[in-house]
Amino acid sequence: MEESSHEITSPLISKGGDSSLEPSSSSLKPDPDEENSPIKQVALTVPTTDDPSLPVLTFRMWVLGTVSCVLLSFLNQFFWYRTEPLTITAISAQIAVVPLGRLMAAKITDRVFFKGTPWEFTLNPGPFNVKEHVLITIFANSGAGTVYAIHVVTVVKVFYKKHISFFVSLIVVITTQVLGFGWAGIFRRYLVEPAAMWWPANLVQVSLFRALHEKEERPKGGVTRTQFFLIAFICSFAYYVFPGYTFEMLTSLSWICWIFPTSVLAQQLGSGLYGLGIAAVGLDWSTISAYLGSPLASPWFATANVAVGFVFVMYVLTPICYWLNVYKAKTFPIFSDDLFTSTGQEYNISSIITSNFHLNITAYEEEGPLYLSTFFAMTYGVGFAALSATAVHVLLFHGREIWEQSKSSFKDKGMDIHTRLMTRYKQVPEWWFWSILIANIAFTIFACQYYNDQLQLPWWGVLLACAIAIVFTLPIGIITAITNQTPGLNIITEYIIGYIYPGYPVANMCFKVYGYISMTQAVTFLQDFKLGHYMKIPPRTMFMAQVVGTLIAGFVYLGTAWWMMETIPDICETTASSSPWTCPSDRVFYDASVIWGLIGPRRIFGDEGIYEAVNWFFLAGAVAPVLVWLAHKAFPKQEWIGLINMPVLISSTGMMPPATAVNYTTWVIAGFLSGFVVYRYRPDWWQRHNYVLSGALDAGLAFMGVLLYLCLGLEDISVDWWGNDLDGCPYATCPTAKGVFVEGCPVFD
């Protein structure tokens with residue numbers, strides 16, 4: 001996001017603090033009068049020296065990189081199916097591998113094997129260095145990023161209960177990931193090499209690398225960063241026993257429901273998981289970081305925009321629409337991602353699917369039109385508005401900047417000191433990427449044709465998805481590289497294939513994965529390329545690490561998901577209230593496949609649908625940034641107006657559902673404490689410990705979560721008492737329309 005430019009205003013260590021970052025005699029040093037990067041944040045954060053003699057492809061790198069990739073892939077997929085999923089970021093591995101790397105450097109033999117031959121090698125080439133560390137983190141990044149294609153497998157197997165083989169699933173997973181790698185390779189010369197493409201998010205990791213490799217002495221009365229990490233890790237590890245097992249209500253303390261145990265209205269207002277979440281709070285790190293990531297890594301500027309957008313959608317727009325009974329809102333829960341009939345009953349999706357996995361038009365007409373909860377419908381409207389708001393905002397606030405910087409990129413100008421330092425290394429030939437891309441597209445077309453009964457997507461659908469991806473990768477890459485904003489294309493891809501090829505839900509999901517996710521995957525790869533660029537990693541070594549890490553992650557993600565789907569009974573079933581495996585993200589993906597794929601957008605948001613008026617959100621989203629831009633021009637001295645970022649504000653609730661109110665309220669509170677209070681009043685502590693604390697909280701929770709499952713979950717050992725009743729708001733999902741009967745709910749006269 002644009003606000004990230006305010007996040008780092010000075011390097012986290014002094015220039016002379018880290019001997020490991022100082023170049024050796026063979027280092028490539030810039031001329032003292034050489035101009036640094038033209039981007040101020042980069043000049044303050046990224047070192048302008050390089051030591052090409054540092055060993056990179058070491059035994060330590062392979063072991064720790066592979067273990068980090070496998071572990072993060074397993075943990076992220078393991079937690080993905082939980083009611084409160086947790087994404088373990090690469091920062092956790094980035095911090096955790098430092099003591100392990102140094103231990104291996106101290107204990108492993110430095111003997112040289114096959115000395116004097118072409119196969120000469122050693123397991124221990126010297127001290128653990130920052131370049132090894134970067135490559136390990138690249139491996140970890142492969143495991144930290146969600147493999148989106150797993151949604152397709154889960155939805156087909158668990159929700160539709162149809163057949164999809166492991167081999168076909170593996171094809172979808174691997175081809176999706178590798179397709180994004182192809183786009184990244186094609187556009188890297190425009191999005192990595194120019195100084196103008198500076199990728200703000202990478203500065204956090206660069207700062208952390210420098211901090212972790214700085215030789216520090218324990219301050220008097222204080223602790224080193226490593227000691228602080230271990231203390232926070234142990235505390236997080238021990239504490240998660242409570243919200244993860246013995247006192248699960250800590251996930252969402254909805255105390256208003258306790259005061260009014262029989263009031264539907266009070267529980268709609270107070271439920272943190274199924275209502276508006278007023279005064280609800282979660283004392284659980286997984287609740288805080290489940291969907292929005294770590295609030296400790298979010299600058300207060302971004303947090304404030306998200307907070308304002310959340311308050312508007314959740315506490316203004318939704319209540320008004322609900323109590324005015326817009327789209328029969330009172331017939332359904334106030335907050336739900338389920339699909340309903342006109343009478344408020346859950347829609348029987350299986351009854352409108354033919355044996356060939358297509359829409360049965362006759363059965364659909366008998367079942368009646370599909371209804372959404374008003375909040376769910378509004379989230380699609382907000383998604384429409386966010387698309388148009390992003391386009392207009394970037395045009396108004398960054399249009400000239402992007403145009404000028406794009407021209408300099410294409411003219412191969414704007415080369416800064418970092419690009420000059422990288423010229424000493426062999427570049428990756430572009431034909432490598434083209435070969436991977438063409439082979440991958442050909443294999444994808446073959447798979448979709450040969451396994452069409454499982455994937456449904458015709459050959460032209462693959463080519464159309466690739467066309468969308470190749471058209472949007474460069475402009476969205478430029479936007480992300482300059483502003484750190486990545487506009488979403490999922491709704492556009494769903495809309496296009498939904499109109500062209502309605503009635504085929506798996507085809508819709510596959511088209512979205514190949515058209516949208518391959519593009520976002522490409523942006524992720526490009527960001528990693530830039531990280532390697534800043535840290536002076538040889539490009540061919542970087543290429544190898546990304547390819548190997550991507551393949552490992554694909555296998556581990558799918559293997560973990562398949563194992564869990566086969567071994568956990570009633571996985572993704574929300575009817576079992578005590579089960580933590582409710583798959584909230586996959587349920588939303590399933591709902592989207594029904595809305596956009598099976599039934600089609602024309603029957604829901606088009607001229608044949610109930611929600612046609614929601615399309616006006618496109619216009620509202622386009623107008624909103626214009627108003628801010630005009631206000632900014634009219635009152636240039638009011639700096640706070642320029643901080644209003646309408647795409648961020650409007651799309652703030654983009655993760656809802658599956659995210660719930662308590663996820664947002666606790667995230668905003670934690671973000672305020674970290675990004676405003678501590679950052680402003682204890683800046684030294686913030687610079688030294690903030691990111692380390694975030695990684696430690698992630699890591700401690702992750703390890704305890706897996707331990708609880710392996711020791712107690714597999715044996716189905718649980719503690720049955722009121723403290724393990726999640727949320728404690730049984731009437732929050734009840735309708736309030738007169739005469740509507742739902743099991744377990746009072747009927748209003």
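Buried here means under 20% relative accessible area, exposed means over 50%, and partly exposed is what falls in between (1.4 Å probe, protein chains only).

A quick word on what you're looking at. This is a predicted model, so local features need pLDDT of at least 70 and side-chain atom pairs count only at pLDDT 80 or more, while totals for chains, interfaces and linings use all residues. Residues are numbered from 1 along each chain as its sequence is written, and side-chain values use heavy atoms, with hydrogens and water left out.

**Salt bridges**

Side chains of opposite charge can pair when their charged atoms come close. The cut-off for a salt bridge is a side-chain nitrogen of Lys or Arg within 4 Å of a carboxyl oxygen of Asp or Glu. Searching the whole structure turns up 6 of them. Here are some, including their N to O distances:

| Pair | N to O distance |
|---|---|
| Lys 131 and Asp 50 | 2.7 Å |
| Glu 132 and Arg 60 | 2.8 Å |
| Lys 157 and Glu 566 | 3.1 Å |

Start with Lys 131 and Asp 50, whose closest N and O atoms are 2.7 Å apart. This pair ties together distant parts of the chain, 81 residues apart: Lys 131 sits in helix α4 (residues 130-144), and Asp 50 in the loop between α1 (40-45) and α2 (59-80). Helices (H or I, at least four residues) and strands (E, at least two) are DSSP runs, numbered from the N terminus. Asp 50 is buried too, at 2% relative accessibility.

Next up is Glu 132 with Arg 60, a salt bridge at 2.8 Å. Glu 132 is in helix α4 and Arg 60 in helix α2, so the link spans 72 residues. Glu 132 counts as buried because its relative accessibility is 0%, and Arg 60 is buried with a relative accessible area of 0%.

Then there's Lys 157, which meets Glu 566 at 3.1 Å. Those two are 409 residues apart, with Lys 157 in helix α5 (residues 150-159) and Glu 566 in helix α22. Lys 157 is partly exposed, at 21% relative accessibility.

**Positive phi**

Asn 325 isn't a glycine, yet its phi is positive, near 60°. You'll find Asn 325 in the loop between α13 (300-323) and β3 (339-340), partly exposed at 37% relative accessibility. Asp 570, also not a glycine, has a positive phi of about 55°. Asp 570 lies in the loop between α22 (539-567) and α23 (584-599), and is exposed, because its relative accessible area is 53%.
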